[in-house]
Amino acid sequence: MLRPGPAPLNLCQKHSSKQVTPRSPQPAPNGLGQSGHSRTRAADLLLLVYRRTGEHIMGLFRMDLQLHFFWSFCLTLTGLFWPPLLLSGLVTTIAKELLDLWSKESWSWGDFWWGCAGAGGALLFLQNLPAA
């Protein structure tokens, strides 16, 4: 259930002689609560399934892996303007992992494969563009 927040700030209060007092929330005329909505058991169950599915998907496709995919995708797309840049996503992915291997002494296969997938996805995208 939503709780009432603080009273809205009266910006003219310095120049006003009236004192502003917060009002208590009034129940909705239809008896459904403050917001006018009633959540049913089915809606609660749907919300629970939605949240658990979202947590599962984010466990598989973590934000750092999405980041590797999208920057590799975007770098490869720059090849549209200058063809040697078609390899930039793949080269940057490999260079980043080699730097990680040197500095952190670990190679992340997840980062590598998602970076390669981003570069491959961009190449497929560019290949399917209609000719100008």
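I began with Asp-100, which counts as buried at 11% relative accessibility; buried means under 20% relative accessible area, exposed over 50%, and partly exposed in between, with a 1.4 Å probe and protein chains only. The model is predicted, so I noted that local features need pLDDT of at least 70 and side-chain atom pairs count only at pLDDT 80 or more, whereas totals for chains, interfaces and linings use all residues. Residues are numbered from 1 along each chain as its sequence is written, and side-chain values use heavy atoms, with hydrogens and water left out.

**Entry 1: Asp-100 and its surroundings**

I placed Asp-100 in helix H3; helices (H or I, at least four residues) and strands (E, at least two) are DSSP runs, numbered from the N terminus. Leaving aside neighbours within four places in sequence, I found Asp-100 in contact with Glu-105 and Ser-106, where contact means heavy atoms within 4.5 Å.

I then looked up Glu-105, which lies in the loop between H3 and helix H4 (109–127). Glu-105 counts as exposed, at 70% relative accessibility. I recorded a phi near 60° for Glu-105, a positive value in a residue other than glycine. Most residues other than glycine have a negative phi.

**Entry 2: Salt bridges**

I took a salt bridge as a side-chain nitrogen of Lys or Arg within 4 Å of a carboxyl oxygen of Asp or Glu. By this rule I counted five salt bridges.

Asp-100 and Lys-104 meet through their side chains in one of them, at 3.9 Å from N to O. Lys-104 is exposed, with a relative accessible area of 58%. I noted that salt bridges with shared partners join Lys-96, Glu-97, Asp-100, Lys-104 and Asp-111 into one network.

Within that network, I looked up the salt bridge of Lys-96 with Asp-111, whose closest N and O atoms are 3.1 Å apart. This pair links distant parts of the chain, with Lys-96 in helix H3 and Asp-111 in helix H4, 15 residues apart. Lys-96 counts as partly exposed at 23% relative accessibility, whereas Asp-111 is buried at 7% relative accessible area.

I also recorded a salt bridge between Arg-62 and Asp-64, with the closest N and O atoms 3.1 Å apart. Arg-62 is partly exposed, at 40% relative accessible area, and Asp-64 is partly exposed, at 32%.

**Entry 3: H3 against H4**

I found that the axes of H3 and H4 come within 8 Å and cross at roughly 170°. Axes are lines fitted to C-alpha atoms, for helices over the stretch in contact, and angles run from 0 to 180 degrees between N-to-C directions. H3 and H4 are therefore roughly antiparallel to each other; angles under 35 degrees count as roughly parallel, over 145 as roughly antiparallel, 65 to 115 as roughly perpendicular and the rest as oblique.

On the H3 side I listed Gly-89, Leu-90, Thr-93, Ile-94, Lys-96 and Glu-97, which meet Asp-111, Phe-112, Gly-115, Cys-116 and Ala-119 in H4. The residues of this contact divide into five nonpolar, three polar and three charged. Ala, Val, Leu, Ile, Met, Phe, Trp, Tyr, Cys and Pro count as nonpolar, Asp, Glu, Lys and Arg as charged, and the others, Gly among them, as polar.

**Entry 4: H2 against H3**

I found that the axes of helix H2 (residues 63–77) and helix H3 (residues 88–103) come within 7 Å and cross at roughly 135°. That makes H2 oblique to H3. In H2, I listed His-68, Trp-71, Ser-72, Leu-75 and Thr-76, which meet Ser-88, Gly-89, Leu-90, Thr-92, Thr-93, Lys-96 and Glu-97 in H3. By class, this contact has three nonpolar, seven polar and two charged residues.
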